Amino acid sequence: MLNKEVAVVGGGPAGLTASIELAKRGVNVTLIDENLQAGGQLLKQTHKFFGSEEHYAGVRGFNIAKKLIQEANNQSVDFLLEGSIYSVYEGKILAVKKGKSTQLISPEKVIYATGASEKVINFPGWTLPGVMGAGAVQTFVNQHKVLPGRKFTIVGSGNVGTIVAYQLLQAGAEVTAIVEAAQEVGSYYVHANKAIRSGDIPIFTSHTVKKAMGNESVDSVKIVEVNENWQPVPGTEKRIETDVVCLAVGLRPRTKLTSLTGCQTTYSSTFGGEVPLHDKSMETSINGVYVAGDVAGVEEASIAIEEGRLAGVSVASSMNYISSSTAADQKQEIRNRLGLLRGGPYGEEGAKEKERIRSIFNERVTRRESRSVKR
Amino acid sequence: MKESQEEKAALSKDKLFELPGFPDKEELESGPVAVIECPEEIACNVCEAACPFGAIEIGKEIIKVPKIDPDKCVGCGQCVSECPGLAVYVVDLNYTDEEALLTIPYEFSPLPKKGEIVTGVTRKGEKASRVKIVSVDKKENGTPIIKIAVPKSEIHEIRGILIEEIND
């Protein structure tokens, strides 16, 4: 068994910033990621990000990943890539498989930055080749520069849907439709507009997919109007020719490992599903187990970057690498920036939801007192 | 699309003129100026940081909608290239008697060539008049900016181009 100070699980924006903050303060940190390369979803994002300088705003996603990986290397973060965690024992012992070998890693503290996974909707024909998630489309198109079809129908008009639509147009594909069950386009105006003005894409709001059709793979999709109760309206079906039905219908926190660890959760529709309860310092109901980024509630990459930093500083402080007063100041700075990111009509909901999760945490989790005495 | 839905993907001209990032008619007349079509409160201040002349104001609360100061703006187009939402343009109404000069971000390949005639596209994605490419400026950040000469009557409609083969 390998004893470590801190293991960070997941090498996306939250995991990278958490590792950097820890390593910067002298903590020995191992960053575990199951992929060939760290960077998470940033690697497939070719668009420039929102935010401010502290969140690498104006920089394209894959370049943010490069910068963060460079910084992590500069700070001597120990990367364990292609490492999948297949079990967690006694709260914090991680069973990691890499290639054909397995090992047990026993860190003093763990930060889970496992991100999110895509939601899907089911319909007849959804198992046909050509029906895929937006993440897969981005992996094909933006990372490997391969178009998995010529014509694309996108289901979901949130930021992911409209961004993928634009990226597909950039790659030379045709976007035959964006289909949205709600009555309004869900994404930011600017994302929706840059897509439609670049490709004159028909947007079918109040519509859903009825069926994907084709013999060996998708050749068309049947969509249908839905009423206010989300029920299909008979006689409103339309058939659209397409090679790919791209599902961009939302994300849910990837909580398998935190659940395996025994972290208490609560359901949050705002954040995409079950979320591990966590306090203001990102610590879960299990002592020494932290979360950061989408696993703690699906929000923006800029927020994941800041939450990673917050978790990193919190862990460094809990291990006495920095004094509690220094940590308090540093955490406050990060929380202030999070407050700014969670402003406006899009962000406010997230701020309220974090508050609600914290209050449930305070009601249910009582280990705080006993532990603060120990300190 | 129903009208309300269209509004969520392509703003009407009336709504645009209400934006703090959109100069009023008089200010537009008085020279090249950035028009910022960023209607929602998004946590982002890239344009403010990008402007070398301090002509764009968002402030500490980065969710605020950007505000343009037409007196300070010289129409350099730096913000056009930097805006992550590709939502900023420069409008110069005094280009020629009939034409205005529009600066747009363009992230498609191949890039058009200077002097080429291409199809103007509205912010709804509809085809508009044919327009002439006046200049192409590749930017290091990967968002080239292109200046196009457009009919004055369409200066608030055209927001993109489509390169298609047509014998003019």
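In what sense do strand E6 and E9 of chain B pair, and over how many bridges? Strand E6 (residues 117–122) and E9 of chain B pair in the antiparallel sense over four bridges; strands are DSSP runs (E, at least two residues; helices, H or I, at least four), numbered from the N terminus, and two strands pair if DSSP finds at least two bridges between them. B:Gly120 has B:Ile161 in E9(B) as its bridge partner. The model is predicted, with local features needing pLDDT of at least 70 and side-chain atom pairs counting only at pLDDT 80 or more, while totals for chains, interfaces and linings use all residues. Residues are numbered from 1 along each chain as its sequence is written, chains are lettered from A in the order in which they are written, and side-chain values use heavy atoms, without hydrogens and water.

The pair belongs to an open sheet of seven strands in chain B, in the order E1-E4-E5-E8-E7-E6-E9, with antiparallel pairing. Strands E1 (33–36) and E9 (158–162) of chain B stand at the edges with a single partner strand each, so one side of each is left without a neighbour in the sheet.

Chain B contributes 42 residues and chain A 35 residues to the contact (heavy atoms within 4.5 Å). The area buried between the chains (accessible area, 1.4 Å probe, lost on being put together, summed over both) is about 3,200 Å², of which carbon and sulfur atoms give 56%. One salt bridge is found across the interface (side-chain nitrogen of Lys or Arg within 4 Å of a carboxyl oxygen of Asp or Glu); A:Arg60 and B:Glu107 meet in a salt bridge at 3.1 Å, N to O.

Terms used:
Buried area is the accessible area (1.4 Å probe) that two parts lose on being put together, summed over both.
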